[in-house]
Amino acid sequence: MVKLRKRMTPLLGAVMLAAVLLAGNAPAVEPVATTEYHGNVKSHVFHRPGCRYYSCKSYTIVFTSREQALAAGYRPCKVCQP
């Protein structure tokens, strides 16, 4: 009888992944949801959904990506770290 190690080696992980893919049981890949970031015009900070500051009354700008917010001169929130 062969004893398996507690940690899986990278080769064993690759073999297991190949077996799943060949068997046709690969998990379905779901499309990536777009995330809206809210930017606070006064502080020039942007927040991700779920942040306690996401729905603040001072926000008036919506960004569709993190890169868009950074290009506009906004900085990421220190709480939610988008």
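Not counting residues up to four places away in sequence, Asn40 touches Val45, Cys56, Ser58, Tyr59 and Tyr74. The model is a predicted one, and in it Asn40 belongs to strand 1, which covers residues 37–40. Is Asn40 buried or exposed? Its relative accessible area is 11%, and because buried means under 20%, Asn40 counts as buried. The side chain of Asn40 also makes a polar contact: it reaches the backbone nitrogen of Ser43 at a distance of 3.2 Å.

The aromatic residues come next. How many aromatic pairs does the model contain? Taking rings as paired if their centres lie within 6.5 Å, the count comes to 2 aromatic pairs. One of them joins Tyr37 and Phe46, with ring centres 5.7 Å apart. The planes of these two rings stand at 90 degrees, so the pair of Tyr37 and Phe46 is edge-to-face, given that planes over 60 degrees apart are classed in this way. Both Tyr37 and Phe46 are buried.

A further pair is formed by Phe63 and Tyr74, whose ring centres are 5.0 Å apart. Here the planes meet at 65 degrees, so the pair of Phe63 and Tyr74 is edge-to-face. Where do Phe63 and Tyr74 lie? Phe63 is in strand 3 (residues 59–63), whereas Tyr74 is in the loop between helix 2 (66–71) and strand 4 (75–76). The pair therefore ties together parts that are 11 residues apart in sequence. Phe63 is buried, and Tyr74 is buried as well. Tyr74 has already been named among the residues that Asn40 touches, and Tyr74 thus takes part both in that contact and in the ring pair with Phe63.

Which phi value does His44 have? Phi of His44 is near 60 degrees, a positive value, and His44 is not a glycine. His44 is found in the loop between strand 1 and strand 2 (45–47). With a relative accessible area of 37%, His44 is partly exposed.

Gln81 likewise is not a glycine and has a positive phi, in this case of about 50 degrees. Gln81 is located in the segment after strand 4. Is Gln81 buried or exposed? Its relative accessibility is 57%, and because exposed means over 50%, Gln81 counts as exposed.

Key:
Residues are numbered from 1 along each chain as its sequence is written. This is a predicted model: local features need pLDDT of at least 70, side-chain atom pairs count only at pLDDT 80 or more; totals for chains, interfaces and linings use all residues. Side-chain values use heavy atoms; hydrogens and water are left out. Rings of Phe, Tyr and Trp (its six-membered ring) pair if their centres lie within 6.5 Å; planes under 30 degrees apart count as stacked, over 60 as edge-to-face and the rest as tilted. Buried means under 20% relative accessible area, exposed over 50%, partly exposed in between (1.4 Å probe, protein chains only). Helices (H or I, at least four residues) and strands (E, at least two) are DSSP runs, numbered from the N terminus. A polar contact is a pair of N or O atoms within 3.5 Å; within protein, one must be able to donate a hydrogen and the other to accept it, and residues adjacent in sequence count only if both atoms are side-chain atoms. Contact means heavy atoms within 4.5 Å.
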